[in-house]
Amino acid sequence: MSHLLEVIGLKRWFGVKKGGETRQLHAVDGIDFHIAPGETVGLVGESGCGKSTLVRLLTRTLDPSDGQVRFRNHDLGLIRAREMALHAQRKDIQMVFQDPTDSLNPRYTARQTIAESVRLLCGLRGAEAAARVEEVADWVGLPQALLDRYPHQLSGGQKARVGIARAIVSRPALLVLDEPTAALDVSVQTVILQLLDRLKRELDMSFLFVSHDLNVVRLLCDRVLVMYLGQVVESGPTDAVFHAPAHPYTRALIASLPGGLAGGQATAADLLVGGDPQSPIDPDPNRCRLLGRCPRGLAPCGETGPVLRDLGEGRQVACLYPAVVQHHVRQ
Amino acid sequence: MSPTGKTLLEVDRLAVEFRTRSGTVRALEDVSLALAEGETVGLVGESGSGKSVLSFAAMGIQDPAARITAGSLRFAGQDLLAGKGAAMKALRGREMAMIFQNPRVALNPIRPVGKQIEDVLARHTDLHPAARRARAVECLAEVRIPDPERRYAAYPFELSGGMCQRVMIAIALACKPRLLIADEPTTGLDVTTQAAIMRLISELSAERRMATLLITHDLGLAREYCDRIAVMHAGHIVEVGPTAGLFAAPRHPYTERLIAATPVGANSLDELAAIDGNLPDLRRDDLPACRFAERCPQRAAVCDAPLALLPAEGSHRVACHLPRKVAHSLERKHVASA
């Protein structure tokens with residue numbers, strides 16, 4: 001199966017000046033993964049783990065320090081971030097932002113917001129552009145009557161629809177969604193999630209879905225990537241990872257869900273110990289980054305940095321002592 | 001933890017209005033809720049349903065445009081609305097405390113966090129300065145902040161979101177209040193931090209027999225941590241009851257739909273059902289007696305009659321003319337997407 005997007009050894013370090021010397025903040029520190037056509041991949045991890053930096057690298061609004069971002073076998077990493085806006089690939093990778101209120105221009109009506117995308121990404125003008133705007137509004141279920149409203153005259157769910165509409169005008173192959181429902185009420189969230197799921201199938205898109213909400217990831221995504229301090233610590237099919245998480249951090253995430261997960265193997269014994277994560281500035285490469293918070297950390301964890309290795313059945317984990325993965329039975 | 005203690009906070013038929021240029025917003029109407037010592041009650045509902053208005057009114061910190069037009073608020077038998085809020089002033093911060101939604105906004109950005117705890121102690125206790133400092137460090141330790149001596153001098157920007165939320169809790173708990181109102185205490189925090197903060201709150205409330213009002217839109221969270229749940233919709237409490245019973249057999253169609261929209265426990269996206277329509281505009285003069293009626297799939301003629309929160313079973317109460325029957329199926333319904 002050919003990959004739509006393939007990320008190889010992707011790194012982004014930021015220089016941090018402290019006391020005259022420059023140290024490196026390892027925001028994204030050697031990430032490998034791929035997304036197949038039509039696949040929905042979830043990306044989870046706590047704030048500060050590098051999710052947003054990764055998203056900016058993939059949408060090419062930030063230049064990588066090292067590694068490759070291959071999209072349809074072209075190395076997108078070779079295109080400079082500032083040139084990406086004019087590049088032909090731009091229309092194939094689009095993004096839906098977290099807060100629909102902050103990411104919409106308050107002085108543009110919904111129609112103007114969507115029209116701007118139509119003009120820039122589809123190169124349409126005049127009547128053709130106007131027709132496309134109305135067509136896209138239809139796709140996302142935004143009534144025509146609302147198109148001439150400004151963001152402050154729209155509800156949260158309607159603003160979310162505008163944000164989605166402007167991202168899909170060019171029928172992108174990959175849509176990156178950064179917490180698209182975090183600001184919404186639960187009932188509106190449901191409508192938007194179902195809309196996204198329908199659009200994905202109708203427009204034949206792949207999703208990279210970044211979210212804090214593990215329950216949403218569980219329902220929407222085919223595969224999940226778990227990030228911790230700049231690295232992927234576990235990946236695999238969503239069902240398998242949620243029911244039998246192998247990495248202690250994944251186990252802790254799932255054990256932290258209120259009410260736990262029905263039938264899941266993570267329990268209260270898997271909760272993290274200790275306080276905040278260690279600093280992402282110049283981390284020791286020969287030490288597991290979770291050590292200190294890991295309920296299972298052992299002496300060798302302080303001497304060897306774990307690398308991602310295969311567990312079979314499409315699963316990978318970066319831990320010296322992963323939980324034994326019991327064969328997951330699909331219901 | 002069973003709510004065996006005596007009633008601490010008593011909200012009785014409270015009505016709150018906001019006078020605005022575009023009309024009077026009837027934000028709360030006929031709201032009654034009681035909290036007993038040692039009890040944790042969850043207040044759930046969509047944004048705009050009046051959860052925060054109720055908690056702000058209970059603390060006497062409502063917006064200047066808000067007016068309490070009816071009803072009473074009592075704390076341990078004492079009338080909180082008497083004497084232009086003098087009773088409230090004496091109790092607030094000492095006997096009743098609040099944790100706000102966004103710790104970074106609620107904390108003073110240019111004051112060390114330890115000093116902010118001391119401010120509360122200076123206001124409500126007669127500890128001398130050195131003892132206040134020691135107590136502030138102790139408070140930081142109580143909320144499990146590592147290295148409290150050093151963190152005492154930290155500014156909010158130097159702490160992570162989870163640590164700031166712990167500081168907020170330390171401020172709220174500094175005077176060992178009997179009532180804690182937690183307004184979305186974990187919104188915006190990571191799930192691992194959320195679990196740590198919620199366990200901390202429930203440990204502390206068990207230790208001190210503190211009553212806790214947990215305001216949240218996260219039903220999963222409310223289900224995990226609350227003894228009882230009150231469901232709000234458009235300024236009304238539509239259903240209140242013990243957590244297990246309310247989730248197992250919701251009586252009000254709004255509660256039922258809210259549960260059906262929650263991804264917790266669902267097996268696929270198609271199982272989730274959205275709630276039709278939006279909250280009604282609370283400025284309207286012609287609001288129906290049941291403010292959910294216009295969104296309700298089972299509206300009937302009887303729904304225009306006056307409505308009250310009536311007992312359904314035991315302490316489970318519901319404000320609906322056509323509540324679900326006890327034997328109602330507990331299964332999630334497969335409803336086509338809206």
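This is a predicted model: local features need pLDDT of at least 70, side-chain atom pairs count only at pLDDT 80 or more; totals for chains, interfaces and linings use all residues.
The ground rules come in two sentences. Local features need pLDDT of at least 70 and side-chain atom pairs count only at pLDDT 80 or more, while totals for chains, interfaces and linings use all residues. Residues are numbered from 1 along each chain as its sequence is written, chains are lettered from A and ligands numbered from 1 in the order in which they are written, and side-chain values use heavy atoms, with hydrogens and water left out.

**View 1. Where chain B touches chain A.** Here 31 residues of chain B are in contact with 29 residues of chain A (contact: heavy atoms within 4.5 Å). About 2500 Å² is buried between the two chains, and carbon and sulfur atoms give 58% of that (buried area: the accessible area, 1.4 Å probe, that two parts lose on being put together, summed over both). Eight residue pairs, both at pLDDT 80 or more, are in polar contact across the interface. A polar contact is a pair of N or O atoms within 3.5 Å; within protein, one must be able to donate a hydrogen and the other to accept it, and residues adjacent in sequence count only if both atoms are side-chain atoms.

**View 2. Strand β9(A), covered on both faces.** All six of the six residues in β9 (223–228) of chain A are buried (under 20% relative accessible area, 1.4 Å probe, protein chains only). Strands here are DSSP runs (E, at least two residues) and helices are runs of H or I, at least four residues, both numbered from the N terminus. On one side sit A:Arg223, A:Leu225 and A:Met227, and on the other A:Val224, A:Val226 and A:Tyr228.

**View 3. The neighbours of β9(A).** Strand β3 (residues 40–44) of chain A runs parallel to β9(A), joined by four bridges (strands pair if DSSP finds at least two bridges between them). A:Gly42 stands opposite A:Val224. With β10 (residues 231–237) of chain A, β9(A) pairs in the antiparallel sense over six bridges, and A:Val226 has A:Glu234 as its bridge partner. The β9(A)–β10(A) hairpin has two residues between its strands, and A:Leu229 in the turn has a positive phi of about 40°.

**View 4. A:Thr250 up close.** This residue lies in helix α10 (residues 248–255) of chain A. A:Thr250 counts as buried because its relative accessibility is 2%. The A:Thr250 side chain makes a polar contact with the side chain of A:Glu234 (2.7 Å). Leaving aside neighbours within four places in sequence, A:Thr250 also touches residues including A:Val226 and A:Pro245.

How values were computed:
Buried means under 20% relative accessible area, exposed over 50%, partly exposed in between (1.4 Å probe, protein chains only).
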